[in-house]
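Here is a short briefing to read alongside the model.

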Amino acid sequence: MVKNKTRAAYIQQIEELDGLVSRLGEVVVAAVRATGHALGEADEAAARGVVEGRGSADRLHRSVEDSCMGLMLLQQPLAGDLRLVTASFRMESDLARIEEMAVDIAQLAPDVIGKRVPPTITGDLAMLSAQVATMVESAVDAFSRSDADAATAVFPLDNGVDASFGKIRAMIVDNLRSDDSFADVAAELLMIAKYYERMGDHAQQVADWAIFRTTGLYRGRPMGEDSLDQADWSAR
Amino acid sequence: MDEMDDNLTESAPAAGARATVTPAAGGAEVVARDVDLFYGDHQALFDVSLDMPANKVTALIGPSGCGKSTFLRCINRMNDRIAGCRHTGSITLDGQDVDTQIDEYLLRTRVGMVFQRPNPFPLSIFDNVAYGPRRHGKPSREALRQTVQRCLERVGLWDEVKDDLKKSGLGLSGGQQQRLCIARTLAVDPQVLLMDEPTSALDPISTSLVEDLMSDLASDHTVIVVTHNMQQATRVSDYTAFFYMGKLVETAPTTELFSRPKEKQTEDYLTGRFS
Ligand SMILES: Nc1ncnc2c1ncn2[C@@H]1O[C@H](COP(=O)(O)OP(=O)(O)OP(=O)(O)O)[C@@H](O)[C@H]1O
Ligand SMILES: [Mg+2]
């Protein structure tokens, strides 16, 4: 359809960026799932896999950043392309935070695995990680498909994540009261649970970027509007 | 058609018209309604309706041949002088029909035009700016001097040329010439400024001076600018209208049109998906 070579190359770059972002999303989701597996199944190898996989994820993160910056510098994209590039640039950093926390969890996992931890807690952590992974996956998927409704459906999932976090924290506190030796792992377990809870917040941000990519609105606010005009807009 | 000729006519209203000219208090709202335009039996505009608000910059964009210049020329009736060109529908200036309710020469003082290629007259810098006021009135020397200074100051050229007012306008650089042409247009106190790709022949520094000027002039003029430079449209305009094959496809506040156009044709044009 587009015969012009320069334009064709540009469109290919845009499509590549779209693909890179999806790929990055998949890698991050896989890392989150692997941490849950490591904790639930006491699988240290799975945890090592997450730590060792960091390099290739880093390269993907950098590719997305480079692609976004290159497109902005050299192509000055507009309309839907501009929304893709700006949203990808921001979403990449949310995915990077999620990824870092997955690595942190994977590094804490050996301290927990093999210790005397009630299986209800590791089981619930595994479940929490699955909830978070689903949130991230749905948000990334909504982004890739430019589906604002699917992105909106991600937000309520965070209530489940918060509830699971609350429950796990209560169990940790209970165990601390009844078992002195539990203090060894309590801090690590609480940190792990907290990381998952924060991943849920970042997954919501990813959903925000999916909505922005699709509609041009970020939390209801249009791109390029003066913040002074805000009242104006919300009144409309 | 010779651009120079256009510009002479545009800046040279009939003597005597001055009596009816009230100095512009600000820009006029320009409204096009249902404009169909034909060159002979070739239809160049199809049912174009567009509001161009007073004291704002409206950018007209679209691929070559889509009718941007044709539309612009409807506003100051420059198409009248193209044989076989006719249009239906209406263009109004603050509610007055430009074709039936405003004298053509008066219209040219209310609507100024700036072209792609700077086209100073082969006269001195002073006489270029003084040209319009002299042609439709008998301003005193002092009044004329004040007008020339005011207009050259407004376009940021005064300090550069104040010691060379007797030198030819043709001796200026391209960017200075374009600002001189804008000053010449301003000298008859127009309410509306039409600009047809006013910076496409200029270097980036001159371009940004002219862009600054567009934004500045919009405080008391209605500015309508045709541009092929999307970044220019986003930098200077408040509203953007996208034309395609003689039709107005979409118009919206500039930030909205460039970030989330509603029409697929607009999206395809802005993202280079057009074949
Ligand atoms: N004087 C004329 N006589 C006959 N047809 C004309 C005349 N001027 C323009 N046209 C035709 O009208 C259509 C619109 O032309 P116009 O010059 O308004 O387009 P434009 O959008 O300004 O293009 P560009 O970006 O190349 O300046 C084109 O098909 C053109 O060939
Ligand atoms: Mg043109």
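Which residues of strand 3 of chain B lie on one side and which on the other, and are they buried or exposed? B:Val57, B:Ala59 and B:Ile61 are on one side, B:Thr58 and B:Leu60 are on the other, and all are buried (under 20% relative accessible area, with exposed over 50% and partly exposed in between, using a 1.4 Å probe and protein chains only). This is a predicted model, where local features need pLDDT of at least 70, side-chain atom pairs count only at pLDDT 80 or more, and totals for chains, interfaces and linings use all residues. Residues are numbered from 1 along each chain as its sequence is written, chains are lettered from A and ligands numbered from 1 in the order in which they are written, and side-chain values use heavy atoms, leaving out hydrogens and water.

- Strand 3 of chain B runs parallel to strand 8 (residues 222-226) of chain B, with four bridges joining them; pairing requires at least two DSSP bridges.
- B:Val57 has B:Val223 in strand 8 of chain B as its bridge partner.
- Four bridges also link strand 3 of chain B to strand 9 (residues 239-244) of chain B in the parallel sense, and B:Thr58 is partnered there by B:Tyr239.

**The open sheet of chain B**
- Four strands of chain B make an open, antiparallel sheet in the order 2-1-4-5.
- Strand 2 (42-52) and strand 5 (96-97) of chain B are at the edges with a single partner strand each, so one side of each lacks a neighbour in the sheet.
- Strand 1 (residues 30-39) of chain B is joined to strand 2 of chain B by seven bridges, and B:Leu37 has B:Leu45 as its bridge partner in strand 2.

**Helix 5 of chain B**
- Buried residues in helix 5 of chain B include B:Leu144, B:Val148 and B:Leu152.
- The buried residues of this helix pack against helix 4 (125-135), helix 6 (158-161) and helix 7 (174-186) of chain B, where contact means heavy atoms within 4.5 Å.
- B:Gly156 follows helix 5 of chain B and has a positive phi, near 75°.

**Chain A at a glance**
- Chain A has nine helices and two strands.
- Of the 236 residues in chain A, 47% are buried.
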